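Here are my notes from a look through this entry. I began with the whole chain and then picked one residue.

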Amino acid sequence: MKNYYQLVFSMLFGMGVLLILSSSSAIAQGNMVSGTIKDAESGEAIPGVNVIVKGTSNGAVTDIDGNYSLQVEENTVLVISYVGFETQEINVGSRTTVDVSLGYDVSQLGEVVVIGYGEVDRGDVTGSVVAIDSDDFNKGAISTPQELLMGKVAGVVVTAPTGQPGGNSTIRIRGGSSLRASNDPLIVVDGVPLTNKTIDGFANPLATVNPNDIETFTVLKDASATAIYGSRASNGVIIITTKKGKSGQDMKVSYNGNISVGVPIDYTDVYSGDEFRQVVADHTIDPSITTALLGSDNTDWQKKVYRNAISTDHNVSVTGAIDAMPYRASVGYTNQNGMLEDSKMERTTLSLGLSPSLLNGDLIFDVNIKGMLTDNNFSNDGAIGASTSFDPTQSVYDESSPYGGYFTWVNEVDGTPNFIATDNPVAMINQKNNTSQVLRSIGNVNTSYRLPFLPELKAVVNLGYDYYKSEGTDNTDSLAAFSHRSPQTNVKTYDVLGKNELLDAYLNYSKEITSIDSKIDVTAGYSWQHFYEEKENANRPWLADDTGEYIGSDTTIDKTESYLVSFFGRVNYTFKGRYLVTGTLRRDGSSKFSESNRWGLFPSVAVAWQVGEESFLKTVNALNELKVRAGYGVTGQQDITDNDYPAIAGYNGSTSTSLYGFGGQLYTQWKPLAYDPNIKWEETTTINAGIDFSILENRISGSFDYYKRTTDDLLNEIPVPVGTNFANRVVTNVGSLENQGYEISLNGYVISNEDMSWQIGANFSKNENKITKLTAFDDPNYIGYEAGEIDGGSNNRVQINSVGYPTNTFYLYKQVYNEDGMPIEGLYVDKTGEGGQVDGNDLNRYYLGNPAPDFMIGLSSRFAYKNFDFSFAGRLSVGNDVYNNIASSKGLYANLYNQSGYLSNISTFVEESQFFNAQYKSDFYIEDGSFFRMDNISAGYNFPKVFSDKISARVSFTVQNAFIITNYSGLDPEINDALAPGIDKNVYPRPRTYVLGVNFNF
């Protein structure tokens, strides 16, 4: 299916050709021939088609209605061509009217690929660029754009969101390039680069874009493709293009809707009420005390807080054209309920796209406006962990309880809540209100003007914006037992206003130089972007004075902004249609850094050779394409902290509990924060080599890429000299990091005929990550810094970042086992050989395991027979290690009873260890997290005619998260936590979702 970019490219190119031809004085004289060019499949008129007299420069271009007229001689042969369609040659004879229907050229479909600041023919791509369109997207009840991409592109790991409605996915392209800065790719929506900042009250900032409105994802993976975005492109770039109207198209109305049911797949293994009574009697020190605390119920707390979640999604779009103005408008409504009681996302989206053209197509506007209103109820996800720990012998309610009628662990002396004890999970949900409302709009006006005196040159101005406003409350009921724990924060509110403003202005010169069989395309421009955010946070106790005002209100207002100013240029040169060179240069200036480090230069160069076009391979009929690519480039990462002023001194005021008393007054104390005035962005250098191929009439196609990425000026926290008046450590640029690997993509049509087709796709990616430097000077005694904080104990960490090892390597003691294969509590391998206490001596810890997989495989298939189709998509992850933090923190007999007077349920994993006390840093809790997940299975049926010829329909049934195959003992080995990868805590579980969908086209 031809897309908007093919249309724009062809119209602009065609108009340029027409201007050149019309200025020629050598136009042949003869009869006037005219006609209309239409799409053979849809019958729609095609604007921008080139109609040339064969062997001459005499030609015309069809107008917006597909019409053309041309003066020709008798018996002239017309050559009619358009990108994405088969070229036709027609002998006019003595006719004056020649109408033509063009059929699709399968080998040319998807020819135009969107890149930064423009488009390029697919065959002219020199970098590692992958584009997928709506036909290839994942199916089902998809509320966020990232889910469409999951498992579809080699080297792109999209970790599925948790079960939270509208939850955020983690995206990594070829591994992370940083330890402390952001590893998220730059997202560009219809030409507007978005901020990577987290928006309060908004789980997934990209959820602004309704997945139903997306036409294509283009993933720029190597530096030769991403360097055009300079200091924000070290983690790759994802360009999202939304659907557009088409010139000459009659109005079409489409409705897409679905209803879905999300169900829990499994529950954390803990003891039932009856089992718990026995465990308490058998494994507590003084059963006479502990058994007296037991209740008489059998309460499954997990089933009390989880539910089957029914959700709906509706989207209506209107597409067409009014004269020379294609348009598309859509409205969407999503009501997504989560499995955790009360959790919910309700979202309304609006989208409008206009593409008017004036001055015979020389002046083209592309207007995009997207708006979103989201109401979120985050519920209280603390109830997830509480539901696995609360005593299952107790009932939910207690009529005598002064704490809202919920059973509560209290202190025996005075009946006040026991603040150490686990809170009632049902009360945690019902007595807390954590909601937000978010308004966001993203839009732009892209104007391109082809200069009449030089049709090869066009000027482009892109004005864009991204505005958001977020309001939220997190209130605790005054009757809740847990409201007494921290009353000063029982009423929390926030109000955030943010804006992102953009100006791009550039010139593009494109010309075919037939005399030397060359084509050149040059782009040069300027970019300006401004980010601003204003945030107000308030913490208030729930008690109010006689005036109704909250007592002790604590309100803070923060304002922050940054600017990015850039100059960029790119040259694409093609010689003889098979030798390709691309050079890119961007100079970025960021207000985040001091004047000495404000500007950075980001170059790249790439070459490609269309080997398949050489004469010695032209005769190989089975070979359709063979291209070899190589590239080099430098990119940066300026999102090094959430602070827009990392190079400027800052101060932190004391809290209300640490004010300074003087003269009977209390004064705020101000402490300088550690900072480095010479801090700068991290810089990544990438080399890439690749091969693209297509054989057997394009029935089988694929690509292979090898890459190596080296990040320098890597941020790390290092000690600072005594007397600096700072904290004892500061974050600065001292390290380096390497990623290298390779990717393979294969796509094939096993069957392809009029009634039946079967397509199979697979991709393989392997990435090896290694830290090569962490200090300014070599220090053999510096082992690195610990990471991966876990639940349980205080500030326990089980990962480390050390030179010579992958990031976030697990750093643990080796467990010693008895002759029966059971772990011996507290006994570990004495690595140092010094004897004595092994636990607590970090020198006895080992580098054990890596949360990143050894390799990943994505698999997809689509089978169609006449009007029926069946498809699936899944992912295989091999070699990723997981630390079972639920087992290490909850699978302990010591947790059964707390001397303050309460009982807690524990994980049945304790039967595997028989541990009484916590052994957090034992490698006993490291497990192989390899898995195969079937992301979705979908079947559908198309009805070509419903009631009349003008209405078609489709019905589909999809299962998302259909199944997972793994040896991991926990609920899910796929961990969506960028700060603690591979550590399985109490996360919101992913549901299995059954989706019934319908689609109508009018």
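**Ground rules.** I am working with a predicted model, where local features need pLDDT of at least 70, side-chain atom pairs count only at pLDDT 80 or more, and totals for chains, interfaces and linings use all residues. Residues are numbered from 1 along each chain as its sequence is written, and side-chain values use heavy atoms, with hydrogens and water left out.

**Overall shape.** I looked up the secondary structure and found 11 helices and 54 strands in the protein chain; these are DSSP runs (helices H or I, at least four residues; strands E, at least two), numbered from the N terminus. The C-alpha trace spans about 110 × 70 × 70 Å along its principal axes. For 1002 residues a compact globule would have a radius of gyration near 30 Å, and the 32 Å of the protein chain agrees with that. That radius is taken over C-alpha atoms, and the globule rule is 2.2 Å times the number of residues to the power 0.38.

**Burial.** I see that 51% of the 1002 residues count as buried, meaning under 20% relative accessible area with a 1.4 Å probe, protein chains only.

**Gly569.** I found this residue in strand 27, which covers residues 554-575. Is Gly569 buried or exposed? It is buried, because its relative accessible area is 18%. Its C-alpha atom is separated by 4.1 Å from that of Ala524, 45 residues apart along the chain. Leaving aside neighbours within four places in sequence, I list contacts (heavy atoms within 4.5 Å) of Gly569 with Ile228, Thr523, Ala524, Gly583, Thr584 and Leu585.

Conventions:
Buried means under 20% relative accessible area, exposed over 50%, partly exposed in between (1.4 Å probe, protein chains only).
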